[in-house]
Amino acid sequence: LVCLDGIRPDALLIAHTPFIHNLVHSCTYSFHAQCPGTPLSYPAWTSTFTGVTEAVHGITSNTPPPTPFTPPAWDRDLTTAVVLQGWYGLRNVIYGGNENTFGRGEVSVGEGNQLHMFAEKDIKAAVSKMTSLLAAPQVSDISVLYLHGADQAGHDHGFAPHIQTYVDKIAELDQYVQQVWCAARARRDREDWLLVLTTDHG
């Protein structure tokens with residue numbers, strides 16, 4: 001699961017993203033799917049991972065909730081490898097909790113699971129960590145890579161297709177999506193993989 005935060009579909013369509021554009025011709029896609037509710041990362045990603053609206057999960061801002069969040073009810077026998085870059089709130093969404101301070105590096109999140117967190121400036125290191133995890137002899141059942149760069153550019157300069165800084169940041173992500181896709185595809189003789197590329201809001 002590749003999570004690209006803050007991507008407007010109309011901006012993606014005009015950005016120089018040749019790899020993502022080529023994927024569109026060989027996959028199931030939608031540029032019109034919407035996550036109803038508050039267009040902020042915390043509530044939108046919570047809805048994405050739980051499948052329920054903010055009226056149910058109760059998160060309406062980017063501030064961690066006062067009580068620890070209960071994570072998605074996926075099969076607990078499944079193992080996870082999660083790499084977060086730039087914004088660490090997704091840790092609470094995936095593994096539960098309401099922490100508002102986050103360390104960096106590898107964090108313990110339970111037996112059989114891996115969580116690696118990287119600063120905003122360390123996007124290349126984050127992607128490299130995910131590709132190395134995918135190249136290991138044994139991999140987790142669910143792999144998640146979260147990249148924050150476009151969302152940060154949107155907050156700094158505006159979320160609009162006419163804002164070149166924002167569009168350029170989206171274009172920068174194309175190479176990282178390709179690297180992860182190639183790493184997963186290299187395992188196709190050993191396992192069946194489903195690659196999901198998604199965003200939360202724009």
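Which residue in β4 does G105 stand opposite? In this predicted model, G105 stands opposite M117. Residues are numbered from 1 along each chain as its sequence is written, and side-chain values use heavy atoms, with hydrogens and water left out. Local features need pLDDT of at least 70 and side-chain atom pairs count only at pLDDT 80 or more, whereas totals for chains, interfaces and linings use all residues.

Strands β3 (residues 105–107) and β4 run antiparallel and are joined by three bridges; two strands pair if DSSP finds at least two bridges between them. Six residues lie between the strands in the hairpin of β3 and β4, where G110 adopts a positive phi near 110°. Strand β2 (residues 80–85) runs parallel to β4, with five bridges joining the two. V83 has H116 as its bridge partner in β4.

T17 is located in the loop between α1 (9–14) and α2 (18–24). With a relative accessibility of 1%, T17 counts as buried. The side chains of T17 and H21 are joined by a polar contact of 2.7 Å, a term denoting a pair of N or O atoms within 3.5 Å; within protein, one must be able to donate a hydrogen and the other to accept it, and residues adjacent in sequence count only if both atoms are side-chain atoms. Apart from its neighbours within four places in sequence, T17 is in contact (heavy atoms within 4.5 Å) with L12, I170, A171 and D174.

How values were computed: Helix = DSSP H or I, 4+ residues; strand = E, 2+ residues; numbered from the N terminus. Buried < 20%, exposed > 50% of the residue type's maximum accessible area, 1.4 Å probe, protein only.
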